[in-house]
Amino acid sequence: MKKQGLYDPSFEHDACGVAFVARLDGHRSHETVDRALRALENLEHRGAAGADADTGDGAGILVQLPDAFLRASVPFELPPAGRYGVGFCFLPSEPGRREELERALEDTVRAEGQTVLGWRDVPVRRNEAGAQARVFAPVMRQVFVGTDLEDQLAFERKLYVIRRLAERAGVVLPSFSSRTIVYKGMLSAPQLGRYFPDLDDERLESALALVHSRFSTNTFPSWELAHPYRFIAHNGEINTLRGNVNWIRARESQLASGLFGDDLRKVLPVIQAGGSDTAMFDNVLELLVLSGRTLPHALMMMVPEAYSGRPDVTDELRGFYRFHECLTEAWDGPAAIAFTDGSVIGAMLDRNGLRPGRWLETTDGWVVCASETGVLDVPASQVLRKGRLQPGKLFLVDLDQGRIVPDGEAKQAVAAQQPYGEWFEREHVRLADLPPVEPRELQQPLRSLQLAFGYTQEDMKVMLLPLAANAEEAVGSMGNDTPLAVLSERRPLLYSYFKQLFAQVTNPPIDPIREAVVMSKQSLVGSERNLLAETPEHARQLVIDNPILRDDELEKLRRVDSDVFRSHTIDFTWPVAEGADGLAPALERICAEADRALADGANILILSDRATGPDRVPMPSLLATAAIHHHLVRAGTRLQAGLVVESGEPRSVQSVAVLIGYGAAAVNPYLMLATIDALVAGGLLELEAAEAQQRALGAIGKGLLKTISKMGISTLSSYCGAQVFEAVGLSADLVEQHFTGTPSRIGGIGLRDLAEGALFRHGRAYPATHDDLLPVVGLYAWRRGGEHHQWNPETIALLQHAVRGGGRPTYEQFAELVNADSARRSTLRGLLRFRERTPIPLEDVEPASEIVKRFSTGAMSLGSLSREAHETLAQAMNRIGGRSNTGEGGEDPERFADDRRSKIKQVASGRFGVNIGYLVNADELQIKMAQGAKPGEGGQLPGHKVDPYIASIRFTTPGVGLISPPPHHDIYSIEDLKQLIYDLRCANPTARVSVKLVAEVGVGTIAAGVAKCNADHILISGHDGGTGASPVSSILHAGVPWEIGLAETQQTLVLNDLRSRVWVQTDGQLKTGRDVVIAAMLGADEMGFATAPLIATGCVMMRACHLNTCPVGVATQDPELRKRFQGKPEHVIEYFFHVAEDVREIMASLGVARFEDLVGRVDLLEPDSALRHWQERGVDLTHLLRAPDVPAGTPLRRTEAQASPLADALDWQLIDALGNGKRRFDVRNVNRAIGGLLSQHVTKRGLKVDEHFELHGSAGQSFGAWLAPGLQLTLVGDANDYAGKGLSGGTIAVRPPDDAAYRAEENVIVGNTVLYGATSGRAFFRGLAGERFAVRNSGASAVVEGVGDHGCEYMTGGRVIVLGPTGRNFAAGMSGGIAYVVDLDPARVNTALVGLEPLEQADEETVLALLREHVERTGSTVAARLLEDWTPDRFTKVIPHDYKAVLDLPLSTGGIGLVTRESEEAVA
Amino acid sequence: MGRIGAFKKVDRVEAPERDPRERVGDFREFVGTLPLTDLREQAARCMECGVPFCHNGCPLGNLIPDWNDLVYRDRWREAIDQLHRTNNFPEFTGRLCPAPCEAACVLEINEGNAVSIKQVELSIINRAWEEGWVVPQPAAAQTGRSVGVVGAGPAGLACAQQLARAGERVVVYERDEAAGGLVRFGVPEFKIEKRIVERRVQQLVAEGVEFRFGVDVQSLGELQAEHDAVVLATGARVPRDLPVPGRELAGVHFAMEYLYDRARALEFGAEGGISAAGKHVVVIGGGDTGADCVGHAHREGAASVTQIELLGEPPARRPDDLTPWPRWPIKLRTSYALKEGGERDFALSTTHLSGEDGRVTQIHWQRNTGAPPFDLVPGTEESHPADLVLLAMGFLGPEQALVDQAGDGVFVTGDARRGQSLIVWAIDEGRRTAAEVRAYLDESTFVSVADRVPGEYTPAP
């Protein structure tokens, strides 16, 4: 599918299930293939199907080249194994074109000196593929190529060269090797084996097999995008892809390899355009491996583990990583990569370990590794050991050696190849070690420069003062209601046109604070060398610890002069006298100067606007940086030098982030620093100047990490040049030339406007006037005559008056003002108008009482809102048949059944208050993937806001602060979302499931994936909405308007024919009937409102929600202030009816009687040609208004329900068995969320039960999810990820079978993210657990015999006993509950919030009781030994400081003792 | 942003006033300001709202949250810069403005709790004068152009100052003998001492503004010949009359005749003709001008003072159905003057005046319904002694003859343009007009373009 409208195929994502099977002894057999295919079928639930349910997203298998089979299948003679290769070709069905391609391939083979031995038609059973897949099925033929090369690796290289050349000619070659072969296609897992009869053939033998089942976010036909690729199959996402691709391209000119010789030129470009992230990764990996590095070596370069601050990493290995950082940036993102070259096979995880992987080795020499445990039935008696993939670790099976090579050994072998550490130590230079130099003074008066660079009073007050005073970026609330930069009248700086991208659904954001162990902001400057070689000189890089430079540091760089480093400063100002026309030649000049400087041997380019003065005007620093960056990338010289920006312009997190995102290695914001000095001198900061500067730089560094982690990127060096931005409001020419590859969809201003903006600011500074005050702009808070705010004193007052007696006429004044302002200067919808149509009488239009049912209020939690405000909204929505939303804070059970209930119950990453009772009482369950105010970030509720009422609803402790993680720890990928939707359906089969996304480029493809995940409802939130508190850079610079996101979503869903299955809702600053009608036309069935109804209840947009001082009682928990709340449900109701009547009038004027007939009718909209200013600025709405190119009659709105996935759930049997005796069931990994439906059943009916089920086998994901009180599940076998998710009072136990051949406490029994969001109940695991055990546990008790990294993260309550080793970063963000750990290594604990103590008497009792129960339920020998030989000294108590302080308060003074309300109930 | 939560703990404190019994004995100002430490506590109550309704409620768009915060932080020097940024004469407004900003303050949602904005404003400018921070700001360079401003009231003065600072030559024509307009002559000394006005006028003089007093401009021809542009800031001085029998009697005056007469007598020792001493004074009209008449009459030693109003008595508290927050509330306010004594009554229609020897002695009124069309209530006729009757019933508009001559290069501003209004509106008008004039005179320089770009408070250089 080609780019069309707002749909762009480059934003497709995929994720999946992956597995491999191998024989340690290297014995080739067909059984390996059989087993792998069986494993694949058992992963089918991780894949997906599109609108055509039979068409899979893709499945494939990679095996060793089956010599015997091939030899028997071709009519021609084959050379000995290893001396011929097989190319698997996907060819077009049109014969002429096919022959042409085949000829081209043959010619290439011959031209490269090899022999075409013949062709084989690959037999396929066409009917096994889905209908849609069949239409696009390629003809599959295998070409056999012989060689006279003795060296098989040399032959592999030659085949690679041939393939690259043939690919350029248009041949699709999924594999071309003498070692391996790939069978794959647009198939579902079960179809794969059936489609290719070859795979059934007993003669097709291999000692290893790698399989993959794909879940794509769309359903467009693509056979070649199935995995595996040549070397890898991948589950995950590369977040830094755009940067990686650019950097590889930049490196191409330097590539040289003795092994390839001149052939190397033929394989360029290294990365084949149009591939997926996996394909591109594979392209690079392949080059690294074929040019001489081993597979582990290449993978360790591309996906390095986090090594800094880790005592367990050897010096050699540390040296290896540091050295290789000088060669390449990491390919960063959540990834499980399974790889093989035909003789080793293995898998590795990214540094965060955000994808699952489980493996086992059998006594008879098989190794199985898969995304889940239980994909193959292996009797426990034959299991030698079980494990899991771990963050940054290699799991490597070497068939030649016949063994699993431990991570440490495999890496050590690579690290010891060369004295990498010595090389690095000898060659690298640290900026900090350079001799000190004097910083440069400002050459111009401070105020003149501030004016010339567009400083405002708010820059001082809102940005710089908090940065320097608190070392934190300022926080704001109530969203952003200012115009897009391109629509603003105030000529915003270029930075503002760039919107930060963020992770949602297909990859997770990271918590840069709690998971700081994986983050790095180190930056390298210098010349890079040939990637395909390694010499000590490769390490000649200048290492910068913090990329935001002080003036003296910049000066050090400028003056550096050695045989290794030479800097050159490029002045990017231009003469004022040349006017706006001077900018374009100035750009050419600086690019040419960069070329000359590189030619002269400079390797540090300092781009500087220090020359700004009366006669010279600075160009936007971002423009200068990106222009030179892309110029050098194109010239192939980019890696000869690092770019450092010395500019007066940057002064915020966003400005520095964009500079780095477009190629700057470091930034010296000299004017910001001078300004801070002036603030200190003026007494506004009671700090030493040096300290103030340091804090501000530190705060920006912190903000940068937050910005990159939003996108799931953990190292700044990978972020550099990664361009994870969308441009909104820049012209196509400008973007294409200087911001190449950046998505930009509505056109906008070009060079000339930027030049005029610069001259305008310059004109303020020169000639100087005696007025030396900075302008007031009113960006963060409204100011008269300043930046336009949609919510201003007039609109707020009119709306409030309209619902307090003013009635319809006042509403009309309000709407007129809002629409008029909007049209003139604020929103994209303001630029549209309705087409002229024949009107109908108003009476014929459906009544307002029907229309209001489509409205809902926004997700604002009880906790952020006062009880009064929250309940008022709920009552209003219930009365009119609309919906209110709990937000992320649970709901008082007293409200479940009365008119204060919120129909929409939100499930957010913190899972506060989410238990089975909450879930069964919902009409709609909304998974919040992101929120408009701060997409990609988590939240915090400070302890002083957690009063006893709020705490009781959230199942936490009063007075103890709460942290919501940035990601849902059970959604790192699209198939995880599918699983959570499944889990929620179990908890409430009648509720519709909604997924909330925030508009950004690519949201449409994500929405398509969400539809395929079985969601019923998708909410596209605009960037501008959002009421929550958030750093100002997030409020202003992340996400795009809903108009773009909604239109993209509608277009993509309709193109995929998925729109018919889901409702689409939008929100973000909706206010009037006009807004509603436009939203409907762009594709929304429903609309959400947050700010407007709040204002109706009395909110006056104080924007101080985070301070708890709301003077009108809306957003505060202060009892005194809550009394001031004067809102009534009637106010909200009246507002919505005004809006609905407004809608009706528009509908009548358009001749549309039924609202549903508006949905998707983009043809009724047109750009308002009467408005000039935005057209003059080049804004182009063509893509926004594009009607998808689909057959007539393709539904534009929801017309049918999603199929229920619950029909074959095991729980139906459990429900039937309630009370009638059957106690034992066999399970396997396809049985997911066992206990979920059962819990729903008993909770919904209010049954008091006491039931115990025994299950045998490997349980699927989310074992025991939401398990209700009175239910006990004992699993004999093992469990996958998310066991005990949302545990709600039940008890689960997992133990190995009695006949297990392995030691339980040394083997993995349960996967990652266990007990996520558990609120009460108990869990016992006899064995090891994966990463993030008991994450966000708020009340459950658990015993486990060892945990991976990040154990007890964000925990707020409950008790966790760990009887074995813990991974790194234990107790990060843990604010409540207690962990007891045996033989704790204190170095593993993140002690930011917790303390370590010995056990007290009460602790001992708790531990003893749980250990006894652990022995009883699981037969744990570890626990039994501990009980026998009771030595409490072996335990360490890990307890959060705040929690302890609260516990220590006696009950009489408001202390709450040891348990939260719910855990008390569960105990009783 | 003030002190977080201070508004919950600190109550609003009104400006201190001298005891009414004492102050009627002289003509000195009677309203003071709190000690600076107390005042900072008041400023701390400001929450620096995301949407500052006060700032919108202020016709000048004073940056109220910004300077409240600066006062709270004891940064007076920056506070006066911010205050002067939008307001040329804060010492006028800080004394005379009815403070619609306070009515719009978010804390005023709970009536009576607004931040004491007006006091803060006055304290900032008082401090600035004391410290010598208010100095002439002559233009760095002259444009060589010339603008004539007719009228030296607040609108004309503001316009003249903005233009002079931008380098225009400015001549102000004023028919009275001193500058200030109503502020000088219409507002009594005890509300604003005239030295305060003159002090500011001298700043303008030092900035190069030329004043020509006693010039009653009747036609524009000459002015247009002398200047590149002309600004008419002549006010809205045509008073509303009372067309009842007896209006022609001696002792019946427009309020402004009385106040001007008294002001001239006080400041320049002019022999006045209209005195309230020992008289029964009746003031018709319940507004601020009426109150000033009442206050003045007290100080002259009137035998009695009565103030009557045509409209009915307004409600005691903000009527949320009629004038909800943040609108200016129509509610019962007791003027400073009535605190000093005198009677007031509402819903009275004056039916006629009667007198002896051509001088008024009695006023006759009848109750009305309190709202238009003010039907009279039968049987409620009353008479009241009246030796001096002052008509304070508002103004009808500008003296039209001059305004009607406006055309190319002639700008009308202030009350002359918008009708009688508040001093803050007058200053705002003057400032805006200055920008318009400059744009008219020179469209091409960068500075003037910058002036006109919305979103920037670049005080006209």
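In the predicted model, 17 residue pairs, both members at pLDDT 80 or more, are in polar contact across the interface of chain B and chain A. The elements that contribute two or more residues to the side of chain B touching chain A are helix H1 (6–9), H4, H5, H6, helix H19 (423–441) and helix H20 (446–452) of chain B. H6(B) gives the most to this side, with four residues. Sorted by class, the side of chain B that touches chain A holds 29 nonpolar, ten polar and 13 charged residues.

Contact between the two chains involves 52 residues of chain B and 45 residues of chain A. The area buried between chain B and chain A comes to about 4,100 Å², and carbon and sulfur atoms give 57% of that area. Five salt bridges are found across the interface of chain B and chain A. A salt bridge joins B:Lys8 to A:Asp1118, with the closest N and O atoms 2.3 Å apart.

Helix H5 of chain B spans residues 64–72. Nine of the nine residues of this helix are buried, so H5(B) is largely enclosed by the rest of the structure. The buried residues are B:Ile64, B:Pro65, B:Asp66, B:Trp67, B:Asn68, B:Asp69, B:Leu70, B:Val71 and B:Tyr72. Their packing partners come from both chains: helix H15 (457–470) belongs to chain A, while helix H3 (36–44), helix H4 (53–57), helix H6 (76–86), helix H8 (100–104) and helix H9 (117–131) belong to chain B. Just after H5(B), B:Asp74 adopts a positive phi of about 65°.

Two residues of chain A were examined individually. A:Gly910 is located in the loop between strand E33 (904–907) and helix H28 (916–920) of chain A. With a relative accessible area of 0%, A:Gly910 is buried, because any value under 20% meets that criterion. When residues up to four places away in sequence are not counted, A:Gly910 touches A:Glu888, A:Ser964, A:Pro965 and A:Arg1336. The C-alpha atoms of A:Gly910 and A:Arg825 are 38 Å apart in space, and the two residues are 85 residues apart in sequence.

A:Asn283 is part of helix H9 of chain A, which covers residues 277–290. The relative accessibility of A:Asn283 is 2%, so this residue also counts as buried. Leaving out residues up to four places away in sequence, A:Asn283 touches A:Tyr160, A:Arg163, A:Arg230, A:Val270, A:Ile271 and A:Gln272.

The cysteines were considered next. A disulfide is a covalent bond between the sulfur atoms of two cysteines. Over all chains, the count of disulfides is zero. In chain A, the sulfur of A:Cys1099 has its closest cysteine sulfur in A:Cys1110, at 6.5 Å, which is too far for a bond, because the two sulfur atoms would have to lie within 2.5 Å. A:Cys1099 is buried, at 8% relative accessibility. In chain B, the cysteine sulfur closest to that of B:Cys101 is in B:Cys58; the distance is 6.1 Å, so these two atoms are too far apart for a bond. B:Cys101 is likewise buried, with a relative accessible area of 9%.

Note on methods
Residues are numbered from 1 along each chain as its sequence is written. Chains are lettered from A and ligands numbered from 1 in the order in which they are written. This is a predicted model: local features need pLDDT of at least 70, side-chain atom pairs count only at pLDDT 80 or more; totals for chains, interfaces and linings use all residues. Side-chain values use heavy atoms; hydrogens and water are left out. Buried means under 20% relative accessible area, exposed over 50%, partly exposed in between (1.4 Å probe, protein chains only). Contact means heavy atoms within 4.5 Å. Buried area is the accessible area (1.4 Å probe) that two parts lose on being put together, summed over both. A salt bridge is a side-chain nitrogen of Lys or Arg within 4 Å of a carboxyl oxygen of Asp or Glu. A polar contact is a pair of N or O atoms within 3.5 Å; within protein, one must be able to donate a hydrogen and the other to accept it, and residues adjacent in sequence count only if both atoms are side-chain atoms. Ala, Val, Leu, Ile, Met, Phe, Trp, Tyr, Cys and Pro count as nonpolar, Asp, Glu, Lys and Arg as charged, and the others, Gly among them, as polar.
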